[in-house]
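Have the model open as you read.

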Amino acid sequence: RKSPSSLAKAEDKQKDEPEDSGNLSRVNNGGLSATDFGTAVHAYWEEISWLDSPLPRWMNEGEPRNKAKEVVYQALKQPEIAALFTARPGQEVYNEQPIEAITKDGEWLSGTIDRLVITHDAAGNVTAAHIIDFKTNRPGPKEGYTDFYAWLREYYEAQMTAYRDYVAAALAIPESAVSLSLISCPSGGKARIVPYETTES
């Protein structure tokens, strides 16, 4: 049984662990370790279905928020991110969607998609899907990369493309109809969408 996050290249996992740790991150993250902070941020993202649906109280102006809630709140203030949380006709959303699949090598792949948006046509047929994954890695230099976001995209590419392949198979749509986005949302930094090109594999 394998997790999609374990699909990163072995040499990358040795030199660039995705979670930062230490006293500095605890200060930045409101006293939480990087792992616990990431877990909290994911939990608050899970509370958001659509921006025009009922929202948790902490999303209201003037409400007190801890650092993890503030990350989500500020991210959704950005128009390009808010657009991903604005419902369109024919769309339905699944937060923290479990996925189980048997790989081509006969391995059991087990994971959770942070946010899966499925689009239907007027007849109810599935026409597209969008997989969104939230990452709280703190931006900084990465060996061999001049751009942190290029590293972030490449580090998680195997995980994201695995999700795409198996969602496409489950929904009986082309892989090219499944779009992929990372939302980088670190503590104390501006959130950013890191897209992947949609190509047939």
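Start with E92 and H120: their side chains are joined by a polar contact of 3.1 Å. A polar contact here is a pair of N or O atoms within 3.5 Å; within protein, one must be able to donate a hydrogen and the other to accept it, and residues adjacent in sequence count only if both atoms are side-chain atoms. E92 has another such partner, as its side chain also makes a polar contact with that of Y94, at 2.8 Å.

Before going on, a word on what you're looking at: this is a predicted model, in which local features need pLDDT of at least 70 and side-chain atom pairs count only at pLDDT 80 or more, while totals for chains, interfaces and linings use all residues. Residues are numbered from 1 along each chain as its sequence is written, and side-chain values use heavy atoms, with hydrogens and water left out.

Back to E92, which sits in strand β1 (residues 91-102). Leaving aside residues up to four places away in sequence, E92 touches W50, L116, V117, I118 and H120, where contact means heavy atoms within 4.5 Å. Is E92 buried or partly exposed? It counts as partly exposed, because its relative accessibility is 29%; buried means under 20% relative accessible area, exposed over 50%, and partly exposed in between (1.4 Å probe, protein chains only).

Now zoom out. The protein chain has seven helices and five strands, and from the N terminus they run α-α-α-α-α-β-β-β-α-α-β-β. Those elements are DSSP runs numbered from the N terminus: helices are H or I of at least four residues, strands E of at least two. Of the 201 residues in the chain, 43% are buried. Among contacts with a separation of 6 or more, 61% are between residues 24 or more positions apart.

Next, look at the nonpolar cores, meaning sets of buried Ala, Val, Leu, Ile, Met, Phe, Trp, Tyr and Cys residues joined through side-chain atoms within 4.5 Å. The largest has 23 residues, and I131, L152, M160, V167 and V178 touch the most other members. At least two residues of this core come from each of β2 (108-120), β3, α6, α7 (157-171) and β4 (178-184). The top contributor is α6, with five residues. Apart from this core lies another, of 22 residues, including Y44, M59, L76 and A191.

Rings of Phe, Tyr and Trp (its six-membered ring) pair if their centres lie within 6.5 Å; planes under 30 degrees apart count as stacked, over 60 as edge-to-face and the rest as tilted. That rule gives seven aromatic pairs. F148 and Y149 have ring centres 5.1 Å apart and planes at 80°, so they're edge-to-face. Y155 and Y156 are also edge-to-face, at 5.0 Å centre to centre and 70° between the planes.

The charged end of K135 sits over its ring, 3.8 Å from the centre; to count, NZ of Lys or CZ of Arg must be within 6 Å of the ring centre and within 35 degrees of the ring normal. The side chain of Y156 also makes a polar contact with that of N137, at 3.4 Å. N137 lies in the loop between β3 (126-135) and α6 (148-155), and it counts as buried because its relative accessible area is 6%.
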